Amino acid sequence: MESTLRTLKQRALDAEQAESEAQLLGLEGDAARLYFAALAGLFRPRSGPQTEFDFRGRNRRPPRDPVNALLSFAYALLLKDVRIALTGVGFDPMVGFFHRPRAGRPALALDLMEEFRPLIADSVVLSVINTEEVTAEDFVRAAGAVALQDRGRKAFLAAYERRMAQEVTHPRYGYTISYRRVLAVQARLLARTVQGELGTYPSFRTR
């Protein structure tokens with residue numbers, strides 16, 4: 001894990017020096033591979049068949065295992081909340097920086113949510129699996145796809161809302177606010193950056 005963290009830190013530094021979009025995409029892809037490989041080792045349900053939550057990397061459309069089904073659901077919820085935050089400060093969430101705009105794709109919301117995937121979405125997925133709020137029985141499998149059933153969906157939504165309501169100290173301002181409020185603050189900071197009031201966008205980091 002320490003080796004992975006060092007490598008991810010180096011990839012972040014490399015990204016700041018990237019000279020092309022292709023190079024930046026390559027660094028992002030490598031970092032994502034390393035991150036999800038490390039994430040796989042953190043799923044440890046308290047009891048029951050741990051093999052039900054084996055995670056061998058990201059897959060989607062459709063997700064083919066329970067972990068990816070939860071990740072996709074979590075990212076959809078987070079994307080919705082980020083999109084609301086951006087709209088609230090006057091942004092068009094369809095026009096982004098890093099993610100390419102496509103019909104029906106909220107590119108800017110995808111951009112802003114990147115820094116919150118581990119802090120909110122992935123954190124909730126780890127929590128519901130390891131505490132067994134969601135179990136293997138909460139999934140249905142059909143035609144190679146895996147999806148949450150109603151009980152698991154309700155349990156996950158409750159866990160997601162608890163995380164969004166959790167308070168954290170904002171690193172720039174020093175006051176304590178909920179994660180949901182953090183999304184609104186970061187959207188305002190992005191607006192100030194675009195308007196030239198800030199030289200660089202201050203990303204949200206808890207440590």
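Tutor: A nonpolar core is a set of buried Ala, Val, Leu, Ile, Met, Phe, Trp, Tyr and Cys residues joined through side-chain atoms within 4.5 Å; buried means under 20% relative accessible area with a 1.4 Å probe, protein chains only. The model is predicted: local features need pLDDT of at least 70, side-chain atom pairs count only at pLDDT 80 or more, and totals for chains, interfaces and linings use all residues. Residues are numbered from 1 along each chain as its sequence is written, and side-chain values use heavy atoms, with hydrogens and water left out.

Student: Which element gives the largest share of the largest nonpolar core?

Tutor: The largest nonpolar core has 54 residues, and Leu70, Leu78, Leu86, Ile120 and Phe156 have the most contacts inside it. Among the elements that give two or more residues to this core are helix H3 (66-88), helix H5 (117-130) and strand S2 (145-148). Helices (H or I, at least four residues) and strands (E, at least two) are DSSP runs, numbered from the N terminus. The largest share, 13 residues, comes from H3.

Student: With which residues is Ile120 in contact, leaving aside its neighbours within four places in sequence?

Tutor: Contact means heavy atoms within 4.5 Å. With neighbours within four places in sequence left aside, the partners of Ile120 are Leu78, Tyr160, Arg163, Met164, Tyr179 and Leu183.

Student: What percentage of the residues of the protein count as buried?

Tutor: The secondary structure comprises 7 helices and 4 strands. Over the 207 residues of the protein, the buried share is 41%.

Terms used. Buried means under 20% relative accessible area, exposed over 50%, partly exposed in between (1.4 Å probe, protein chains only).
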